[in-house]
Amino acid sequence: MIRLENVAMRYGRGPEVLQDVDFELAAGSFYFLTGPSGAGKTTLLRLLFLSERPTRGQIWLLGKNMASVSRAELPALRRQIGVVFQEFRLLDHLSALDNVALPLRVAGTPESVIQEHVVDLLRWVGLEDHLSARPSTLSGGQQQRVAIARAIITRPGLLLADEPTGNVDDTIALRLLYLFEELNRLGTTVVIATHNASLIERFGYPTIHLRDGRVTMRPGTGRKG
Amino acid sequence: MAGTATLPLAGDGSARFLPWVIGLMVFLAALATGAGFAIDAALIRWDEGLRGTLTVQLPPPVAGGPLAQASVDQALAVLRGTGGVTAATALDPQAEVRLLQPWLGDAVEAGQLPLPVLIDVQRAETANVDLADLTRRLADIVPGATVETHGAWLEQLFQVALLIEVAAGVVVALIGAAAVLTVIFTTRTGLMIHRPIVDLLHLMGASDNYIARQFQWHAFRLGLRGGIIGLVPALLAFGAVKFVAARGGTGAADLAPELHLPVLAWVLMALLPPAMGLVGLMTARLTVLRTLARMP
(Lines give C-alpha, C1' and ligand atoms only; values in the text may rest on other atoms or scores of the structure.)
Protein backbone atom coordinates (compact mmCIF):
# COMPACT_ATOMS: atom_id res chain seq x y z
CA MET A 1 0.00 0.00 0.00
CA ILE A 2 2.67 2.51 1.08
CA ARG A 3 6.31 1.66 0.60
CA LEU A 4 9.37 3.86 0.86
CA GLU A 5 12.77 2.59 -0.25
CA ASN A 6 15.98 4.48 0.57
CA VAL A 7 14.09 7.76 0.45
CA ALA A 8 16.02 10.94 1.12
CA MET A 9 14.91 14.54 0.96
CA ARG A 10 16.73 17.84 1.03
CA TYR A 11 15.52 21.36 0.29
CA GLY A 12 17.75 23.18 -2.18
CA ARG A 13 21.39 22.81 -1.20
CA GLY A 14 20.57 22.27 2.47
CA PRO A 15 21.26 19.13 4.50
CA GLU A 16 19.16 16.00 4.06
CA VAL A 17 16.15 16.26 6.34
CA LEU A 18 15.26 12.63 5.62
CA GLN A 19 17.90 9.94 5.12
CA ASP A 20 17.53 6.39 3.86
CA VAL A 21 13.93 6.06 4.94
CA ASP A 22 12.60 2.53 4.48
CA PHE A 23 9.20 1.28 5.62
CA GLU A 24 6.05 -0.36 4.40
CA LEU A 25 2.50 0.24 5.64
CA ALA A 26 -0.22 -2.28 4.87
CA ALA A 27 -3.48 -1.10 3.33
CA GLY A 28 -6.04 -0.32 6.02
CA SER A 29 -3.43 0.06 8.77
CA PHE A 30 -3.28 2.78 11.44
CA TYR A 31 0.05 4.41 12.37
CA PHE A 32 1.23 7.23 14.54
CA LEU A 33 4.14 9.32 13.29
CA THR A 34 6.24 10.65 16.13
CA GLY A 35 9.54 12.30 16.81
CA PRO A 36 10.97 15.52 18.20
CA SER A 37 10.41 18.84 16.45
CA GLY A 38 12.58 19.18 13.36
CA ALA A 39 12.97 15.42 13.01
CA GLY A 40 11.35 15.49 9.53
CA LYS A 41 7.73 14.52 10.27
CA THR A 42 6.21 17.29 8.16
CA THR A 43 8.63 16.57 5.31
CA LEU A 44 7.69 12.90 5.37
CA LEU A 45 4.01 13.84 5.27
CA ARG A 46 4.66 16.23 2.37
CA LEU A 47 6.21 13.36 0.44
CA LEU A 48 3.21 11.18 1.23
CA PHE A 49 0.62 13.74 0.17
CA LEU A 50 2.58 14.37 -3.04
CA SER A 51 3.52 17.94 -2.34
CA GLU A 52 7.20 17.10 -2.86
CA ARG A 53 9.21 14.50 -4.73
CA PRO A 54 12.13 12.82 -2.95
CA THR A 55 15.65 13.77 -3.93
CA ARG A 56 16.45 10.07 -4.05
CA GLY A 57 14.78 6.76 -3.38
CA GLN A 58 11.43 5.36 -4.44
CA ILE A 59 7.91 5.77 -3.08
CA TRP A 60 4.96 3.47 -3.82
CA LEU A 61 1.57 4.97 -2.97
CA LEU A 62 -1.86 3.48 -3.57
CA GLY A 63 -0.24 0.82 -5.73
CA LYS A 64 1.77 3.19 -7.92
CA ASN A 65 5.46 3.95 -8.12
CA MET A 66 5.63 7.74 -7.85
CA ALA A 67 8.74 7.85 -10.03
CA SER A 68 6.72 6.66 -13.00
CA VAL A 69 3.61 8.78 -12.35
CA SER A 70 3.26 11.68 -14.77
CA ARG A 71 2.12 15.14 -13.70
CA ALA A 72 -1.19 14.58 -15.48
CA GLU A 73 -1.89 11.51 -13.30
CA LEU A 74 -1.25 13.32 -10.02
CA PRO A 75 -4.71 14.94 -9.55
CA ALA A 76 -6.54 11.60 -9.62
CA LEU A 77 -4.02 10.15 -7.18
CA ARG A 78 -4.20 13.13 -4.83
CA ARG A 79 -8.01 12.80 -4.68
CA GLN A 80 -7.47 9.48 -2.92
CA ILE A 81 -5.41 11.13 -0.19
CA GLY A 82 -7.01 13.18 2.57
CA VAL A 83 -4.83 15.63 4.47
CA VAL A 84 -5.43 17.43 7.76
CA PHE A 85 -2.91 20.24 7.96
CA GLN A 86 -1.49 21.41 11.24
CA GLU A 87 -2.57 24.99 10.48
CA PHE A 88 -5.89 23.73 8.97
CA ARG A 89 -5.52 25.76 5.75
CA LEU A 90 -9.23 26.53 5.53
CA LEU A 91 -10.35 29.14 2.99
CA ASP A 92 -11.79 32.05 4.90
CA HIS A 93 -13.83 33.41 1.99
CA LEU A 94 -15.83 30.17 1.96
CA SER A 95 -18.34 28.86 4.50
CA ALA A 96 -17.68 25.71 6.54
CA LEU A 97 -19.95 23.85 4.14
CA ASP A 98 -18.11 25.09 1.06
CA ASN A 99 -14.72 24.32 2.61
CA VAL A 100 -15.75 20.74 3.23
CA ALA A 101 -17.33 20.52 -0.24
CA LEU A 102 -14.15 21.66 -1.97
CA PRO A 103 -12.57 18.22 -2.61
CA LEU A 104 -15.86 16.99 -4.09
CA ARG A 105 -16.22 20.03 -6.33
CA VAL A 106 -12.63 19.63 -7.49
CA ALA A 107 -13.50 16.04 -8.40
CA GLY A 108 -16.56 17.19 -10.35
CA THR A 109 -19.16 15.60 -8.05
CA PRO A 110 -22.76 16.70 -8.81
CA GLU A 111 -23.97 19.52 -6.57
CA SER A 112 -26.98 17.56 -5.24
CA VAL A 113 -24.67 14.78 -4.00
CA ILE A 114 -22.29 17.35 -2.51
CA GLN A 115 -24.99 19.07 -0.46
CA GLU A 116 -26.28 15.81 0.97
CA HIS A 117 -22.87 14.34 1.87
CA VAL A 118 -21.37 17.50 3.27
CA VAL A 119 -24.32 18.29 5.52
CA ASP A 120 -24.32 14.71 6.80
CA LEU A 121 -20.60 14.82 7.57
CA LEU A 122 -20.74 18.21 9.27
CA ARG A 123 -23.59 16.88 11.39
CA TRP A 124 -21.41 13.86 12.24
CA VAL A 125 -18.59 16.11 13.47
CA GLY A 126 -21.04 18.23 15.46
CA LEU A 127 -21.08 21.32 13.25
CA GLU A 128 -24.60 21.14 11.86
CA ASP A 129 -25.32 24.57 13.36
CA HIS A 130 -22.33 26.16 11.65
CA LEU A 131 -22.83 25.24 7.99
CA SER A 132 -22.70 28.85 6.80
CA ALA A 133 -20.08 30.06 9.26
CA ARG A 134 -16.80 31.43 7.98
CA PRO A 135 -13.74 29.67 9.46
CA SER A 136 -12.55 32.86 11.16
CA THR A 137 -15.74 32.93 13.23
CA LEU A 138 -15.21 29.38 14.50
CA SER A 139 -13.15 28.28 17.49
CA GLY A 140 -9.85 26.40 17.01
CA GLY A 141 -11.52 23.08 17.74
CA GLN A 142 -14.38 23.79 15.33
CA GLN A 143 -11.94 24.79 12.61
CA GLN A 144 -10.05 21.58 13.20
CA ARG A 145 -13.24 19.55 12.77
CA VAL A 146 -13.99 21.38 9.51
CA ALA A 147 -10.46 20.57 8.33
CA ILE A 148 -10.92 16.93 9.26
CA ALA A 149 -14.32 16.77 7.56
CA ARG A 150 -12.74 18.24 4.42
CA ALA A 151 -10.00 15.60 4.53
CA ILE A 152 -12.38 12.66 4.82
CA ILE A 153 -15.33 13.82 2.70
CA THR A 154 -14.05 11.86 -0.31
CA ARG A 155 -13.54 8.66 1.75
CA PRO A 156 -9.82 8.69 0.92
CA GLY A 157 -7.73 5.55 0.70
CA LEU A 158 -5.04 7.27 2.75
CA LEU A 159 -5.56 9.86 5.49
CA LEU A 160 -2.60 11.94 6.67
CA ALA A 161 -2.98 14.23 9.66
CA ASP A 162 -0.33 16.61 10.96
CA GLU A 163 -0.82 17.26 14.69
CA PRO A 164 -4.62 17.07 14.46
CA THR A 165 -4.97 17.17 18.24
CA GLY A 166 -2.56 20.03 18.77
CA ASN A 167 -5.18 22.73 19.31
CA VAL A 168 -7.89 20.87 21.15
CA ASP A 169 -8.47 19.66 24.68
CA ASP A 170 -8.14 16.01 25.63
CA THR A 171 -11.85 15.27 25.29
CA ILE A 172 -11.99 16.57 21.71
CA ALA A 173 -8.66 14.89 20.94
CA LEU A 174 -10.15 11.58 21.98
CA ARG A 175 -13.26 12.18 19.88
CA LEU A 176 -11.09 12.96 16.86
CA LEU A 177 -9.10 9.79 17.33
CA TYR A 178 -12.32 7.79 17.52
CA LEU A 179 -13.35 9.48 14.28
CA PHE A 180 -10.11 8.41 12.60
CA GLU A 181 -10.57 4.89 13.94
CA GLU A 182 -14.06 4.81 12.45
CA LEU A 183 -12.64 5.83 9.10
CA ASN A 184 -9.86 3.27 9.46
CA ARG A 185 -12.47 0.57 10.05
CA LEU A 186 -14.03 1.57 6.72
CA GLY A 187 -10.72 0.72 5.03
CA THR A 188 -8.74 3.97 5.05
CA THR A 189 -5.05 3.80 5.89
CA VAL A 190 -4.39 6.41 8.58
CA VAL A 191 -1.12 8.10 9.50
CA ILE A 192 -1.25 10.67 12.31
CA ALA A 193 1.70 12.83 13.21
CA THR A 194 1.50 13.75 16.88
CA HIS A 195 3.50 14.68 19.97
CA ASN A 196 0.73 13.47 22.25
CA ALA A 197 2.37 10.51 24.04
CA SER A 198 -0.68 9.74 26.12
CA LEU A 199 -2.84 9.29 23.02
CA ILE A 200 -0.22 7.04 21.42
CA GLU A 201 -0.08 4.94 24.55
CA ARG A 202 -3.86 4.88 24.96
CA PHE A 203 -4.62 3.75 21.42
CA GLY A 204 -1.53 1.57 21.11
CA TYR A 205 -1.16 1.61 17.35
CA PRO A 206 2.27 1.01 15.77
CA THR A 207 4.51 4.04 15.43
CA ILE A 208 6.83 5.44 12.79
CA HIS A 209 9.45 7.20 14.88
CA LEU A 210 11.64 9.82 13.28
CA ARG A 211 14.87 11.18 14.73
CA ASP A 212 17.40 13.25 12.82
CA GLY A 213 15.79 12.27 9.53
CA ARG A 214 15.97 8.54 10.15
CA VAL A 215 13.06 6.20 10.75
CA THR A 216 12.56 3.54 13.41
CA MET A 217 9.40 1.41 13.26
CA ARG A 218 7.88 0.60 16.67
CA PRO A 219 5.21 -2.10 17.00
CA GLY A 220 1.84 -1.37 18.53
CA THR A 221 1.28 -1.93 22.24
CA GLY A 222 -2.41 -2.66 22.10
CA ARG A 223 -5.41 -0.60 23.12
CA LYS A 224 -5.52 0.60 26.76
CA GLY A 225 -8.99 1.92 27.29
CA MET B 1 -21.74 28.17 -4.59
CA ALA B 2 -20.74 27.01 -8.05
CA GLY B 3 -17.56 25.02 -8.37
CA THR B 4 -15.97 27.72 -10.45
CA ALA B 5 -15.56 30.32 -7.68
CA THR B 6 -13.09 28.72 -5.30
CA LEU B 7 -10.50 31.46 -5.76
CA PRO B 8 -11.54 34.90 -4.44
CA LEU B 9 -10.40 36.64 -7.62
CA ALA B 10 -13.14 39.26 -7.60
CA GLY B 11 -11.58 40.93 -4.56
CA ASP B 12 -8.17 41.42 -6.20
CA GLY B 13 -6.89 44.91 -6.88
CA SER B 14 -6.41 43.87 -10.51
CA ALA B 15 -10.16 43.28 -10.80
CA ARG B 16 -10.70 46.96 -10.08
CA PHE B 17 -8.26 48.53 -12.55
CA LEU B 18 -8.28 46.04 -15.44
CA PRO B 19 -11.74 46.94 -16.83
CA TRP B 20 -10.75 50.61 -16.97
CA VAL B 21 -7.46 49.87 -18.74
CA ILE B 22 -9.24 47.62 -21.22
CA GLY B 23 -11.99 50.22 -21.52
CA LEU B 24 -9.44 52.82 -22.60
CA MET B 25 -7.97 50.38 -25.12
CA VAL B 26 -11.39 49.54 -26.56
CA PHE B 27 -12.24 53.24 -26.78
CA LEU B 28 -9.09 53.84 -28.87
CA ALA B 29 -9.63 50.69 -30.92
CA ALA B 30 -13.22 51.69 -31.69
CA LEU B 31 -12.10 55.18 -32.76
CA ALA B 32 -9.37 53.70 -34.98
CA THR B 33 -11.79 51.20 -36.50
CA GLY B 34 -14.47 53.82 -37.09
CA ALA B 35 -12.00 56.31 -38.55
CA GLY B 36 -10.59 53.72 -40.94
CA PHE B 37 -14.04 52.73 -42.19
CA ALA B 38 -15.25 56.35 -42.38
CA ILE B 39 -12.32 57.35 -44.57
CA ASP B 40 -12.79 54.32 -46.78
CA ALA B 41 -16.53 55.06 -47.17
CA ALA B 42 -15.86 58.74 -47.96
CA LEU B 43 -13.34 57.84 -50.66
CA ILE B 44 -15.70 55.35 -52.25
CA ARG B 45 -18.40 58.03 -52.37
CA TRP B 46 -16.03 60.58 -53.90
CA ASP B 47 -14.80 58.06 -56.44
CA GLU B 48 -18.36 57.12 -57.43
CA GLY B 49 -19.33 60.78 -57.68
CA LEU B 50 -16.39 61.76 -59.85
CA ARG B 51 -16.16 58.71 -62.10
CA GLY B 52 -16.92 59.80 -65.69
CA THR B 53 -16.59 63.44 -64.74
CA LEU B 54 -14.20 66.11 -66.00
CA THR B 55 -13.87 69.64 -64.73
CA VAL B 56 -12.80 72.33 -67.20
CA GLN B 57 -11.37 75.48 -65.73
CA LEU B 58 -11.39 78.67 -67.81
CA PRO B 59 -9.25 81.32 -66.11
CA PRO B 60 -10.25 85.01 -66.14
CA PRO B 61 -8.38 87.29 -68.56
CA VAL B 62 -4.94 88.43 -67.37
CA ALA B 63 -6.01 92.02 -67.99
CA GLY B 64 -8.77 91.63 -65.42
CA GLY B 65 -12.55 91.60 -65.53
CA PRO B 66 -14.83 88.64 -66.07
CA LEU B 67 -14.40 86.17 -68.93
CA ALA B 68 -16.53 86.99 -71.94
CA GLN B 69 -19.71 84.89 -72.18
CA ALA B 70 -18.89 84.29 -75.86
CA SER B 71 -15.69 82.50 -74.90
CA VAL B 72 -17.60 80.37 -72.41
CA ASP B 73 -20.19 79.48 -75.05
CA GLN B 74 -17.44 78.60 -77.55
CA ALA B 75 -15.78 76.34 -75.02
CA LEU B 76 -19.11 74.68 -74.23
CA ALA B 77 -19.67 74.12 -77.95
CA VAL B 78 -16.25 72.47 -78.29
CA LEU B 79 -16.94 70.23 -75.34
CA ARG B 80 -20.43 69.23 -76.51
CA GLY B 81 -19.00 68.45 -79.94
CA THR B 82 -16.34 66.16 -78.56
CA GLY B 83 -17.01 62.45 -78.98
CA GLY B 84 -17.92 60.66 -75.71
CA VAL B 85 -19.02 63.84 -73.92
CA THR B 86 -22.65 63.50 -72.85
CA ALA B 87 -23.13 66.86 -71.12
CA ALA B 88 -21.24 70.08 -70.40
CA THR B 89 -22.62 72.66 -67.96
CA ALA B 90 -20.99 75.87 -66.76
CA LEU B 91 -21.15 76.23 -62.98
CA ASP B 92 -23.26 79.16 -61.78
CA PRO B 93 -20.84 81.91 -60.56
CA GLN B 94 -23.09 82.42 -57.52
CA ALA B 95 -22.73 78.74 -56.67
CA GLU B 96 -18.95 79.14 -56.84
CA VAL B 97 -19.15 82.03 -54.42
CA ARG B 98 -21.34 80.02 -52.05
CA LEU B 99 -18.80 77.18 -52.14
CA LEU B 100 -16.00 79.54 -51.20
CA GLN B 101 -17.89 81.44 -48.53
CA PRO B 102 -17.31 78.98 -45.66
CA TRP B 103 -13.56 78.96 -46.37
CA LEU B 104 -13.15 82.71 -46.75
CA GLY B 105 -15.63 83.87 -44.15
CA ASP B 106 -17.68 87.06 -44.18
CA ALA B 107 -14.66 89.39 -44.18
CA VAL B 108 -13.92 88.76 -47.87
CA GLU B 109 -16.42 89.49 -50.63
CA ALA B 110 -16.04 86.36 -52.73
CA GLY B 111 -18.00 87.88 -55.62
CA GLN B 112 -15.26 90.47 -56.19
CA LEU B 113 -12.52 87.84 -56.62
CA PRO B 114 -11.24 86.98 -60.14
CA LEU B 115 -12.73 83.50 -60.16
CA PRO B 116 -12.32 81.11 -63.11
CA VAL B 117 -15.36 79.70 -64.90
CA LEU B 118 -15.82 76.02 -64.06
CA ILE B 119 -17.51 73.65 -66.49
CA ASP B 120 -18.78 70.30 -65.28
CA VAL B 121 -18.37 67.73 -68.07
CA GLN B 122 -20.04 64.32 -68.06
CA ARG B 123 -18.67 61.64 -70.34
CA ALA B 124 -19.65 58.08 -71.08
CA GLU B 125 -17.67 55.78 -68.80
CA THR B 126 -16.45 53.73 -71.74
CA ALA B 127 -15.54 56.79 -73.84
CA ASN B 128 -11.88 57.44 -74.55
CA VAL B 129 -11.54 61.21 -74.71
CA ASP B 130 -8.22 62.59 -75.99
CA LEU B 131 -7.60 64.97 -73.09
CA ALA B 132 -4.44 66.55 -74.57
CA ASP B 133 -6.24 67.43 -77.79
CA LEU B 134 -9.28 68.71 -75.89
CA THR B 135 -7.10 70.87 -73.64
CA ARG B 136 -5.28 72.32 -76.65
CA ARG B 137 -8.53 73.17 -78.42
CA LEU B 138 -9.95 74.84 -75.31
CA ALA B 139 -6.73 76.78 -74.75
CA ASP B 140 -7.06 78.14 -78.29
CA ILE B 141 -10.36 79.73 -77.17
CA VAL B 142 -9.37 80.68 -73.59
CA PRO B 143 -5.61 80.79 -72.93
CA GLY B 144 -4.69 78.82 -69.82
CA ALA B 145 -7.76 76.55 -69.93
CA THR B 146 -7.22 73.24 -68.16
CA VAL B 147 -9.03 69.92 -68.06
CA GLU B 148 -9.04 68.11 -64.71
CA THR B 149 -9.85 64.39 -64.64
CA HIS B 150 -9.66 64.19 -60.79
CA GLY B 151 -7.71 60.98 -61.24
CA ALA B 152 -4.39 62.33 -59.97
CA TRP B 153 -5.65 63.82 -56.68
CA LEU B 154 -8.05 60.94 -56.14
CA GLU B 155 -5.08 58.59 -56.53
CA GLN B 156 -3.15 60.60 -53.94
CA LEU B 157 -6.16 60.57 -51.65
CA PHE B 158 -6.47 56.81 -52.01
CA GLN B 159 -2.80 56.42 -51.08
CA VAL B 160 -3.20 58.63 -48.03
CA ALA B 161 -6.40 56.82 -47.09
CA LEU B 162 -4.65 53.47 -47.45
CA LEU B 163 -1.89 54.68 -45.15
CA ILE B 164 -4.47 55.86 -42.60
CA GLU B 165 -6.32 52.53 -42.80
CA VAL B 166 -3.08 50.58 -42.35
CA ALA B 167 -2.18 52.83 -39.40
CA ALA B 168 -5.65 52.20 -37.91
CA GLY B 169 -5.12 48.46 -38.32
CA VAL B 170 -1.70 48.69 -36.66
CA VAL B 171 -3.21 50.72 -33.80
CA VAL B 172 -5.90 48.07 -33.26
CA ALA B 173 -3.25 45.30 -33.38
CA LEU B 174 -1.05 47.17 -30.87
CA ILE B 175 -4.04 47.70 -28.60
CA GLY B 176 -4.74 43.97 -28.81
CA ALA B 177 -1.11 43.20 -27.91
CA ALA B 178 -1.25 45.65 -25.01
CA ALA B 179 -4.45 43.98 -23.79
CA VAL B 180 -2.76 40.57 -23.93
CA LEU B 181 0.25 41.84 -21.95
CA THR B 182 -2.02 43.48 -19.39
CA VAL B 183 -4.00 40.27 -18.88
CA ILE B 184 -0.77 38.24 -18.59
CA PHE B 185 0.53 40.61 -15.91
CA THR B 186 -2.79 40.63 -14.05
CA THR B 187 -3.12 36.84 -14.19
CA ARG B 188 0.44 36.27 -12.95
CA THR B 189 -0.20 38.71 -10.13
CA GLY B 190 -3.41 36.84 -9.27
CA LEU B 191 -1.53 33.54 -9.27
CA MET B 192 1.10 34.95 -6.91
CA ILE B 193 -1.53 36.42 -4.56
CA HIS B 194 -3.50 33.19 -4.44
CA ARG B 195 -0.55 30.79 -4.52
CA PRO B 196 -1.43 29.22 -1.13
CA ILE B 197 -4.96 28.45 -2.33
CA VAL B 198 -3.69 27.17 -5.67
CA ASP B 199 -1.28 24.85 -3.82
CA LEU B 200 -4.10 23.65 -1.59
CA LEU B 201 -6.36 22.96 -4.56
CA HIS B 202 -3.57 21.00 -6.21
CA LEU B 203 -3.16 18.89 -3.08
CA MET B 204 -6.89 18.17 -3.11
CA GLY B 205 -6.54 16.85 -6.63
CA ALA B 206 -7.59 19.89 -8.64
CA SER B 207 -6.36 19.65 -12.21
CA ASP B 208 -4.61 22.57 -13.88
CA ASN B 209 -7.74 22.95 -16.01
CA TYR B 210 -9.92 23.39 -12.93
CA ILE B 211 -7.72 26.23 -11.68
CA ALA B 212 -7.29 27.77 -15.15
CA ARG B 213 -11.07 27.83 -15.65
CA GLN B 214 -11.50 30.13 -12.67
CA PHE B 215 -8.91 32.59 -13.94
CA GLN B 216 -10.16 32.47 -17.54
CA TRP B 217 -13.81 33.24 -16.75
CA HIS B 218 -12.76 35.96 -14.34
CA ALA B 219 -10.64 37.53 -17.12
CA PHE B 220 -13.51 37.09 -19.59
CA ARG B 221 -15.88 39.03 -17.33
CA LEU B 222 -13.33 41.80 -16.77
CA GLY B 223 -12.56 42.03 -20.51
CA LEU B 224 -16.24 42.17 -21.41
CA ARG B 225 -16.94 44.80 -18.76
CA GLY B 226 -13.93 46.84 -19.92
CA GLY B 227 -15.08 46.51 -23.53
CA ILE B 228 -18.48 47.94 -22.70
CA ILE B 229 -16.89 50.72 -20.64
CA GLY B 230 -14.79 51.70 -23.68
CA LEU B 231 -17.38 51.19 -26.39
CA VAL B 232 -20.06 53.45 -24.93
CA PRO B 233 -17.98 56.68 -25.03
CA ALA B 234 -16.66 55.72 -28.47
CA LEU B 235 -20.22 55.46 -29.79
CA LEU B 236 -21.05 58.76 -28.12
CA ALA B 237 -18.02 60.33 -29.85
CA PHE B 238 -19.19 59.05 -33.25
CA GLY B 239 -22.69 60.30 -32.50
CA ALA B 240 -21.29 63.75 -31.66
CA VAL B 241 -19.30 63.92 -34.93
CA LYS B 242 -22.36 62.80 -36.90
CA PHE B 243 -24.51 65.39 -35.13
CA VAL B 244 -22.05 68.22 -35.80
CA ALA B 245 -21.64 67.20 -39.45
CA ALA B 246 -25.39 66.85 -39.98
CA ARG B 247 -26.22 70.16 -38.29
CA GLY B 248 -24.53 72.10 -41.14
CA GLY B 249 -24.86 75.88 -40.92
CA THR B 250 -21.75 77.96 -41.22
CA GLY B 251 -18.21 77.89 -39.98
CA ALA B 252 -16.27 74.85 -38.89
CA ALA B 253 -19.33 72.60 -38.93
CA ASP B 254 -19.34 72.83 -42.73
CA LEU B 255 -15.79 71.52 -42.86
CA ALA B 256 -16.54 68.46 -40.70
CA PRO B 257 -16.60 65.31 -42.83
CA GLU B 258 -19.90 63.53 -43.21
CA LEU B 259 -19.66 60.42 -41.05
CA HIS B 260 -21.02 57.44 -42.87
CA LEU B 261 -20.03 54.05 -41.47
CA PRO B 262 -20.95 50.80 -43.19
CA VAL B 263 -22.82 48.11 -41.27
CA LEU B 264 -19.60 46.08 -41.06
CA ALA B 265 -17.95 48.88 -39.06
CA TRP B 266 -20.79 48.95 -36.51
CA VAL B 267 -20.73 45.16 -36.27
CA LEU B 268 -16.95 45.12 -35.74
CA MET B 269 -17.19 47.80 -33.05
CA ALA B 270 -20.03 45.95 -31.33
CA LEU B 271 -17.83 42.85 -31.34
CA LEU B 272 -14.98 44.65 -29.53
CA PRO B 273 -16.28 43.94 -25.97
CA PRO B 274 -16.82 40.19 -26.51
CA ALA B 275 -13.54 40.08 -28.42
CA MET B 276 -11.78 41.64 -25.43
CA GLY B 277 -13.50 39.10 -23.21
CA LEU B 278 -12.21 36.28 -25.40
CA VAL B 279 -8.71 37.77 -25.51
CA GLY B 280 -8.79 37.88 -21.71
CA LEU B 281 -10.13 34.34 -21.48
CA MET B 282 -7.56 32.77 -23.79
CA THR B 283 -4.64 34.79 -22.44
CA ALA B 284 -5.49 34.03 -18.80
CA ARG B 285 -6.00 30.35 -19.56
CA LEU B 286 -2.69 29.95 -21.38
CA THR B 287 -0.84 31.99 -18.75
CA VAL B 288 -2.21 29.89 -15.88
CA LEU B 289 -1.58 26.58 -17.63
CA ARG B 290 2.01 27.57 -18.47
CA THR B 291 2.67 28.73 -14.91
CA LEU B 292 1.07 25.69 -13.28
CA ALA B 293 3.01 23.34 -15.54
CA ARG B 294 6.16 24.48 -13.72
CA MET B 295 4.67 23.56 -10.32
CA PRO B 296 5.08 20.08 -8.75
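Is A:Leu62 buried, partly exposed or exposed, and how many C-beta neighbours does A:Leu62 have inside 10 Å? A:Leu62 counts as partly exposed because 17 C-beta neighbours lie inside 10 Å, where a residue is called buried if 20 or more other C-beta atoms lie within 10 Å of its own, exposed if 12 or fewer, and partly exposed in between, with C-beta atoms placed from the backbone. The structure is a predicted model, in which local features need pLDDT of at least 70 and side-chain atom pairs count only at pLDDT 80 or more, whereas totals for chains, interfaces and linings use all residues. Residues are numbered from 1 along each chain as its sequence is written, while chains are lettered from A and ligands numbered from 1 in the order in which they are written.

Most residues other than glycine have a negative phi. A:Leu62, although not a glycine, has a positive phi of about 50°, and is found in the loop between strand 4 (56-61) and strand 5 (64-65) of chain A; helices (H or I, at least four residues) and strands (E, at least two) are here DSSP runs, numbered from the N terminus. A positive phi, of about 45°, also occurs at A:Asp20, which is not a glycine, but A:Asp20 lies in strand 2 (residues 16-25) of chain A. With 15 C-beta neighbours inside 10 Å, A:Asp20 counts as partly exposed.

In chain A, 6 strands form an open sheet in the order 6-7-8-3-9-10, with mixed pairing, two strands being paired if DSSP finds at least two bridges between them. Strand 6 (81-84) and strand 10 (214-218) of chain A stand at the edges with a single partner strand each, so one side of each is left without a neighbour in the sheet. Within the sheet, strand 3 (residues 30-34) and strand 9 (residues 207-211) of chain A run parallel and are joined by 3 bridges, and A:Phe32 stands opposite A:Thr207 in strand 9. Helix 6 (residues 170-185) of chain A packs on the sheet, where it touches strand 3, strand 7 (158-162) and strand 8 (189-193); residues are in contact if their C-beta atoms, placed from the backbone, lie within 7 Å. The direction of helix 6 makes about 155° with that of strand 8 of chain A, with axes fitted as lines to C-alpha atoms, for helices over the stretch in contact, and angles running from 0 to 180 degrees between N-to-C directions.

The contact between the chains takes 18 residues from chain A and 14 residues from chain B. On the side of chain A that touches chain B, helix 3 of chain A gives the most, with 5 residues.

Notes: Two residues are in contact if their C-beta atoms, placed from the backbone, lie within 7 Å.
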